[in-house]
Amino acid sequence: HRLEGQKLDLSGETPVHTGTLEKGNGWKKVTFAKPVSGRYFCIEALNSHWNREYCCIAELYLLDADGKRISREPWSVAYADDEDVTSGNKNGDKVFDLQESTYWSTNQGVQFPHSIIIDLNQDQTISGFEILPRMESGAPESIKDYRIYVKSKEFKM
């Protein structure tokens, strides 16, 4: 989900939300201070709870203005800075494949930050998100600190 040589440029962007996810297994719910609208949702992982260079997400839901889950059926991955497809099928679309046992993972040796951009296929009002780290004990490579960006137009590459 990244063309050769393609690199996301967030230098001129302002995050709509920043935070730290709780350590451990299970769903984490994040609510923004105020709803935002856009077609492209980007999560930029700044580090992990395991202090290693890669990160994983098993599932991701976005929440509408009423706090209800937005349908993921029309979603696609617009960009992922890295995907581990050599040791398994851990590409970006695993974050919305309805399989809690599969996950997006970056490769070892690729340094933070890591980013994935989801194309929602149309502008949506987003009030937060729910995220599920890997299911293994201790949630290996779960995201710790992050920034969220939401835009109606594609991000600069």
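Visitor: Among contacts in the chain between residues at least 6 apart in sequence, what share joins residues at least 24 apart?

Guide: Taking a contact as heavy atoms within 4.5 Å, 81% of those contacts join residues at least 24 apart. This is a predicted model, in which local features need pLDDT of at least 70 and side-chain atom pairs count only at pLDDT 80 or more, while totals for chains, interfaces and linings use all residues. Residues are numbered from 1 along each chain as its sequence is written, and side-chain values use heavy atoms, with hydrogens and water left out.

Visitor: How many disulfides are there?

Guide: A disulfide is a pair of cysteine sulfur atoms within 2.5 Å, and by this rule the count is 0. The sulfur of Cys42 lies 11 Å from the closest cysteine sulfur, in Cys55, and is therefore too far away for a bond. Cys56 is likewise in no disulfide, the nearest cysteine sulfur, that of Cys55, being 6.5 Å away.

Visitor: Is Cys42 buried or exposed?

Guide: With buried meaning under 20% relative accessible area, exposed over 50% and partly exposed in between (1.4 Å probe, protein chains only), Cys42 counts as buried at 0%, and Cys56 counts as buried at 2%.

Visitor: Where does Asn91 lie, and which residues does Asn91 touch?

Guide: With strands taken as DSSP runs (E, at least two residues), numbered from the N terminus, Asn91 lies in the loop between β5 (76–80) and β6 (104–105). Not counting residues up to four places away in sequence, Asn91 touches His1, Glu83, Val85, Tyr103 and Trp104, and Asn91 is buried, with a relative accessible area of 13%.

Note on methods:
Helices (H or I, at least four residues) and strands (E, at least two) are DSSP runs, numbered from the N terminus.
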